[in-house]
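Hi,

Here is the structure I said I would pass on. Have a look at it first, and then read my notes below.

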Amino acid sequence: MAEANGKRFHTRHLIFLLMAIAVVLPLIFKPGLPLRVTKEVQDIYDYIEGLPEESVVIISFDHEASSLPEMVPMAEALLRHCFRKNLKVCGMALLAEGTSVGDANLRRIGAEYNKEYGEDYIFWGFRPQHEVAILALGEDITREFKTDYTGRPISGFPIMQGLRNYQNVAAVISVGDGDIPIYWVNYAQARYGVNIIPAITAVMATTMYPFLQSEQIVGLAAGLKGAAEYEKLLNRTGLATRGMDAQSTAHVLIIVLIAIGNIIMFRQRGGKRS
Amino acid sequence: MDISTTIAAILTLAIYSFLYRDNPVYKTAEHILLGVSVGYFVVITISNTIIPKLIIPLFVDGELIYIIPALLGIAMLLRVTKQFSHISRIPLALIIGVGAGIAIPAYMQAHLIAQMKATMLPLSNISNIVIIIAVLSVLVYFFFSRKHEGAFGVTAKAGIYFLMIFFGSTFGYTVMARISLLIGRIQFLLGDWLGIIR
């Protein structure tokens, strides 16, 4: 099986093919497998749901383009919830590639809910050196971001009236694909006591769980599954929900492949011993 | 379907062609990605950081204090020259000093104190008992000044098992993340590009 066709077709090619089938078929036929909402995601939903109208929420797009399939559904679901609740949303980015994605997301979802730029939401733009940027927002936001993403002075926008620092912010949502949500915990939560909501890639989930257990974060939405759970809470079928069937079938395939691999290994070991 | 969607779809397929074997089409797409990423980063940094945080305050608002960070920035760039590269140690030392000064207390507070506090739990339910046993046994495993034998060795062994469970769950989440990326691309190809799925 190692080489089915000279040196052109290897076992890994068969695995790639099976994986493609396992992902494509559920996307086309949509079997609608059940999805359960976990407590971590429910906690985020309940927290945002419980905020008074007009509360200010910062959403930081701390991700790169390579993780968009996980990050965009997550950001969309959280933004929809914020706008539905009539919260004031301030966008920013601590990674360069998240900048234009964040700006586009804010404008698109804001338009869905007829929100006005500058009054209901704003996009401050990108800042490098996350530690310094996070700490600076705790002192004076208008000093760190004198202008918005488009270069207009932010102090002139209605949304910025009375918004000075973290004391006026209900929560920071970090939509991040790396360890930047941890920086938010280190510098914004530990020093200023801000409520942090990490919306992260699945890879980062186990890194963030200790902060959940120590109650340093409000909840945890991880990966496409976290986004799908959030979509379910919003009663809205989005990209994440549609992708979850494919996720489940792909996981079943991987479990089967691991089992087959182990059976082959044990049989080979047995053969060598005999 | 607009032209940008088709370009993105072709580049996606070019990258996936690596699954068969390394080839010039893949290499071309990879180089485009690198070039675009660097170009984008440079533009965003100039427009969102250097202009509003240095050029405008210094040359428009006339705040002369900004000469200091400007000089430090230039000193950092001297790193590429052989003759003056030693000057770059000044801003570098400042970054390291300030960075460590900011990071150490924050890290102590967020990671050490808060996590220790979260581990001091009443032994009133199974979860708390598991957390305490796991933390203690893993700490014992990482204590190398005593030979891992007897009761100490058994505890260390338990620590290894807890670590293995952690590695397993991390691997599971990693698989989930990678599959999500594949799903995202296939949703793009079949939905946005070909319009087969909605």
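A salt bridge here is a side-chain nitrogen of Lys or Arg within 4 Å of a carboxyl oxygen of Asp or Glu. By that rule E63(B) pairs with K146(A), their closest N and O atoms being 4.0 Å apart. Keep in mind that this is a predicted model.

That pair sits in a wider contact between the chains. The count between chain B and chain A is 2 salt bridges, and 46 residues of chain B are in contact with 56 residues of chain A. Together the two chains bury about 4,200 Å², with 65% of it on carbon and sulfur atoms.

Next, the inside. The largest nonpolar core has 97 residues, and W124(A) and W184(A) touch the most other members. Helix α3 (residues 68–84) of chain A gives the most to this core, with 8 residues.

Helix α9 (residues 223–233) of chain A is worth a look too: 9 of its 11 residues are buried, among them L224(A), Y230(A) and E231(A). Their cover includes α2 (39–49), α3 and α10 (239–273) of chain A, along with α6 (150–193) of chain B. Just after α9(A) comes N235(A), with a positive phi of about 55°.

Finally, the surface. Chain B has a nonpolar patch there with about 870 Å² of accessible area, and its members include F41(B), I50(B) and F59(B). I50(B) lies in helix α2 (residues 24–60) of chain B. Its relative accessible area is 36%, so I50(B) counts as partly exposed.

Cheers

Conventions:
Residues numbered from 1 in each chain as written. Chains lettered and ligands numbered in written order. Predicted model: local features only at pLDDT ≥ 70, side-chain atom pairs only at ≥ 80, totals over all residues. Heavy atoms only, no water. Patch = residues over 30% accessible without salt bridge, like charges linked within 9 Å, V, L, I, M, F, W, Y side chains within 5 Å. Areas by Shrake-Rupley, 256 points an atom, 1.4 Å probe, with all protein chains shown as cover. Helix = DSSP H or I, 4+ residues; strand = E, 2+ residues; numbered from the N terminus. Buried < 20%, exposed > 50% of the residue type's maximum accessible area, 1.4 Å probe, protein only. Core = buried A, V, L, I, M, F, W, Y, C linked by side-chain atoms within 4.5 Å. Contact = heavy atoms within 4.5 Å. Buried area = accessible area lost by both parts, 1.4 Å probe.
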